[in-house]
Amino acid sequence: MKALVVGMGRTGSSFDEVKEKKWVNTHLGAYKKSSAIKGIAICDINQKALDKAIEFWNIKNAYNNIESALHEFSPEIVSLCVSADNILPLIKKLIKYSSIKFLWIEKPFSDSVENARKQIGLLSQHKIRFLTNYQRRFDQCYDYARENLNALIGRPEKCVCFFSGGIVNTASHLVNLLLYFFGTPLTVNAINIKKDEAGVDHGDFMLRFNACDAYAFEVNPSSSILTGAYSIFEVHLLGDKGKLIIKSLPFNGVDFDYYRASNSNFKGVRILKEEEVNIDKERCYMEQELSTFIGRDNETVRDNEGALETLMILNKLGVME
């Protein structure tokens, strides 16, 4: 199978160009490690970014023009690591090429709910299977938390989350993770969400699930890899038997803090005692995501990763059309 990566930004290539990284964080890195991928091409209109990726990955097939890449390389799987407003126009070009069977899309899946539905319709019509890169759904650490949640915390009572870097940029990952843990929310409530001077939405929100209420608070609106400001992504899960804190570390590292609840000498008061949780899991979420995706035997397009539902929640928060 031949793969084409469009966009040599962070998730396309450059995250894996950082020497501190410990595991694969990019589409190119996943393709390089996959035995199913026999050829790789890259495409970017930014020649500087393209040259950097060519040198780092030793790529021979590189293009500045998407039409040339599709016509000359004939990929079977394409990664779209581009801004959300470019995804629908690119899909309209991709569907013209019969070689393409798979499309791996960076989040968010689209720049609006309406365009997302158009994208799904086009991909379904042309029998192109797609997956959105909500990588925590393929991460063994988050799978462990999801599968063992009742054993760890008992009946969920509250979920409190902290994030940085904007609603669409970071909180879309958080929303998708909460969907993965708890299913579709009953209600969606925005709390003091405002746009900054660049038009980026910031603020807090609350999602009410059958299991519990989940509150999300933005801690550092200016955080990003580019600005150098600190970033944060934490999920605090509280239940009648314990408390679990999942903290994202640099370059998608994960740390768990776990506290077992026990009764105290005071009626109705529980004491939390810290216990070790073994999360020594293999960090190969990008490779697992790719192998799961191309290994599926379903012939129809399915939005198993909650991409559309995530956009619909952002829409209810007022940050997505």
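I began with a convention: angles under 35 degrees count as roughly parallel, over 145 as roughly antiparallel, 65 to 115 as roughly perpendicular and the rest as oblique. The model I consulted is predicted, with local features needing pLDDT of at least 70 and side-chain atom pairs counting only at pLDDT 80 or more, while totals for chains, interfaces and linings use all residues. Residues are numbered from 1 along each chain as its sequence is written, and side-chain values use heavy atoms, with hydrogens and water left out.

**Entry 1: two helices**

I looked up helix α4 (residues 87–94) and helix α5 (residues 113–125), which pack at an angle of about 15 degrees with their axes 10 Å apart. Axes are lines fitted to C-alpha atoms, for helices over the stretch in contact, and angles run from 0 to 180 degrees between N-to-C directions. I therefore recorded α4 and α5 as roughly parallel to each other. Ile87, Leu88, Ile91 and Lys92 of α4 meet Asn115, Lys118, Gln119, Leu122 and Leu123 of α5, where contact means heavy atoms within 4.5 Å. Helices (H or I, at least four residues) and strands (E, at least two) are DSSP runs, numbered from the N terminus.

**Entry 2: aromatic pairs**

I noted that rings of Phe, Tyr and Trp (its six-membered ring) pair if their centres lie within 6.5 Å; planes under 30 degrees apart count as stacked, over 60 as edge-to-face and the rest as tilted. By this rule I found a count of eleven aromatic pairs. Phe162 and Phe217 form a tilted pair, because their ring centres are 6.1 Å apart and their planes stand at 35 degrees. This pair links distant parts of the chain, with Phe162 in strand β7 (residues 156–164) and Phe217 in strand β10 (residues 213–220), 55 residues apart.

For accessibility, I used these cut-offs: buried means under 20% relative accessible area, exposed over 50%, partly exposed in between (1.4 Å probe, protein chains only). Phe162 is partly exposed at 25%, and Phe217 is partly exposed at 30%.

I then examined Tyr180 and Phe181, whose ring centres are 6.4 Å apart and whose planes are at 25 degrees, so the pair is stacked. Tyr180 is buried at 14%, and Phe181 is buried at 13%. Ring pairs join Tyr180, Phe181, Phe182 and Phe209 in a cluster.

**Entry 3: charges over rings**

A charge sits over a ring if NZ of Lys or CZ of Arg is within 6 Å of the ring centre and within 35 degrees of the ring normal. I recorded Lys2 over the face of Phe73, 4.7 Å from the ring centre. The charged end of Arg136 sits over the ring of Phe233, at 4.0 Å from its centre.
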